[in-house]
Amino acid sequence: MSVATARIATLVGSRLCHDLVSPIGAISNGLELIALAGTPGPEEMALIEQSAASATARINFFRVAFGHASTQQDVGAREARKLLQDYCKGSRLSIDWLPDGDAPRTEVQLAFLATLCCESALPLGGRVHITHIEGGGWRISGTGQRLSIEPDLWAQLTSTTLEAEVTPARVQFALLALLAPERGRKMVVHAGDAAVTIEIG
């Protein structure tokens with residue numbers, strides 16, 4: 001394992017822990033309230049149910065985005081849409097999965113990582129569209145009220161070396177930059193004032 005790969009692995013681990021600690025902590029708080037009250041009330045049960053659903057949605061989405069992907073596995077359009085809808089529930093983000101039919105999990109992983117990159121540019125929320133392009137690649141576009149672009153990170157997607165300082169919250173940039181070339185894909189990135197687009201061809 002190279003130093004860069006090991007670094008990305010630790011960043012992914014930190015990202016998963018960070019994103020799951022909030023809903024799991026809320027479940028713990030709900031159980032604590034039930035213990036104090038003696039009997040579960042509707043508010044406590046609603047908190048636990050919502051938090052458990054949020055944690056499950058993130059685990060399922062991250063399993064595809066950050067987990068091991070095999071060319072032997074496919075992801076159906078219905079499954080992809082559900083993963084994305086559940087991930088967005090309760091947030092100001094919406095994601096449209098437009099392709100129909102199955103796609104190799106290795107390709108869906110690239111699309112999901114690109115989606116996370118676009119999400120990072122939408123601090124006030126917005127909409128991300130995922131479509132197929134000619135040749136079987138992807139176009140992932142994000143639009144919102146305000147865009148926040150980190151130029152070094154976006155430049156990382158088309159660079160051959162891991163140069164930008166990557167935090168756990170932005171590990172998707174480093175992982176996508178590593179995996180796309182390994183899978184014979186080239187990326188074209190447009191990061192402007194009105195929209196961000198990643199084409200993986």
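Residues are numbered from 1 along each chain as its sequence is written. In this predicted model, local features need pLDDT of at least 70 and side-chain atom pairs count only at pLDDT 80 or more, while totals for chains, interfaces and linings use all residues; side-chain values use heavy atoms, with hydrogens and water left out.

Helix α2 covers residues 42-66. Helices here are DSSP runs (H or I, at least four residues), numbered from the N terminus. The 25 residues of α2 reach 35 Å from first C-alpha to last, close to the expected 36 Å. That expected span is 1.5 Å times one less than the number of residues.

Helix α3 spans residues 77-88, and its axis comes within 8 Å of that of α2. The two axes cross at roughly 130°. Axes are lines fitted to C-alpha atoms over the stretch in contact, and angles run from 0 to 180 degrees between N-to-C directions. The angle makes α2 oblique to α3, a term for angles that are not under 35 degrees (roughly parallel), over 145 (roughly antiparallel) or 65 to 115 (roughly perpendicular). On the α2 side, the contact (heavy atoms within 4.5 Å) is made by A57, R58, N60, F61, F62 and V64. L83, L84, D86 and Y87 contribute from α3. These residues divide into 7 nonpolar, 1 polar and 2 charged. Ala, Val, Leu, Ile, Met, Phe, Trp, Tyr, Cys and Pro count as nonpolar, Asp, Glu, Lys and Arg as charged, and the others, Gly among them, as polar.

Helix α6 (residues 171-182) pairs with helix α4 (residues 105-120). Their axes come within 9 Å and cross at roughly 145°. From α4, the contact involves Q109, L110, L113, A114, L116, C117 and S120. From α6, Q172, F173, L175, L176, L179 and A180 take part. The contact holds 10 nonpolar residues, 3 polar and no charged. Helix α6 is mostly covered, with 9 of its 12 residues buried. Its end C-alpha atoms lie 17 Å apart, which agrees with the 16 Å that its 12 residues should span. Just after α6, G184 takes a positive phi of about 75°.

S120 belongs to helix α4. It counts as buried, at 12% relative accessibility. Beyond residues up to four places away in sequence, S120 touches S148, R170, Q172 and F173. The C-alpha atoms of S120 and A169 are separated by 8.5 Å, although these residues are 49 apart along the chain.

Conventions
Helices (H or I, at least four residues) and strands (E, at least two) are DSSP runs, numbered from the N terminus. Buried means under 20% relative accessible area, exposed over 50%, partly exposed in between (1.4 Å probe, protein chains only).
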